[in-house]
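Q: Could we go through this model together? I would like to start with the terms and then turn to the fold.

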Amino acid sequence: TKRVTQDLHEMGFNTAIAALMELVNELYKLKLTVPMGTDTWNEALTTLVKLIAPFAPHITEELWQQLGHEGSVHTSDWPTWDDSVLVSDTITVVVQVNGKLRGEVSVGADATEDAIIAAAKENTKAKVYLDGKDIRKAIYVPGKLVNFVV
């Protein structure tokens, strides 16, 4: 919800649609654990329909009615979010060797730079490219990536 809203305000339509595609992928995963027809599932579908409405107005009107809502999706309240819930305990950091993607590691959001670099060195995919080589430099971009120059 937050990403789509921000992207729409910034006229970033392509990135808003990409965020919606990610949401749909997450809903496929949710479908495996949450039975369809539950309140959680219906709330997720209702939010999805509201977010898609600016891009596909006619089909979202149909979906809105099928979900059992009255009136128009376009006059409903825009979904909101709670920033305190969006804070993650972990972050995913990309691991590169000589600028080429070699893996990724999940670390605690409060992990130090040294701990993140150590975890990146232990990544099984990246380790193949690091074994037996001297690491001349380790470049860390906070919260995003570690690049090893060998």
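A: Helices (H or I, at least four residues) and strands (E, at least two) are DSSP runs, numbered from the N terminus. This is a predicted model, in which local features need pLDDT of at least 70 and side-chain atom pairs count only at pLDDT 80 or more, while totals for chains, interfaces and linings use all residues. Residues are numbered from 1 along each chain as its sequence is written, and side-chain values use heavy atoms, with hydrogens and water left out.

Q: Where is aspartate 134 found?
A: Aspartate 134 lies in the loop between helix 6 and strand 3.

Q: Is aspartate 134 buried or exposed?
A: Aspartate 134 is exposed, at a relative accessible area of 66%. Buried means under 20% relative accessible area, exposed over 50%, and partly exposed in between (1.4 Å probe, protein chains only).

Q: And what does aspartate 134 touch?
A: Leaving aside residues up to four places away in sequence, aspartate 134 touches Val149 and Val150. Contact here means heavy atoms within 4.5 Å.

Q: How many bridges link strand 1 and strand 2?
A: Eight bridges join strand 1 and strand 2, in the antiparallel sense. Threonine 90 stands opposite glycine 108 in strand 2. The hairpin of these strands has two residues between them, and asparagine 98 takes a positive phi near 55 degrees there.

Q: How many for strand 3 and strand 4?
A: Strand 3 and strand 4 pair over five bridges, also in the antiparallel sense. Lysine 137 has valine 149 in strand 4 as its bridge partner.

Q: Which residues of the largest nonpolar core touch the most other members?
A: In this core of 13 residues, they are Val93, Val95, Ile116, Val146 and Phe148. A nonpolar core is a set of buried Ala, Val, Leu, Ile, Met, Phe, Trp, Tyr and Cys residues joined through side-chain atoms within 4.5 Å. Strand 1 (90–97), strand 2 (100–108), helix 5 (113–122), helix 6 (124–130) and strand 4 (145–149) each supply at least two of the core's residues. A second, separate core has 10 residues, including Leu8, Leu20, Ala44 and Leu48.

Q: What about glutamine 96, buried or exposed?
A: Glutamine 96 counts as buried because its relative accessibility is 17%. This residue belongs to strand 1. Among its contacts beyond four places in sequence are Leu101, Arg102 and Phe148.

Q: Which ring does the charged end of arginine 102 sit over?
A: That of tyrosine 129, at 3.8 Å from the ring centre. A charge sits over a ring if NZ of Lys or CZ of Arg is within 6 Å of the ring centre and within 35 degrees of the ring normal.

Methods: Pairing = 2+ DSSP bridges.
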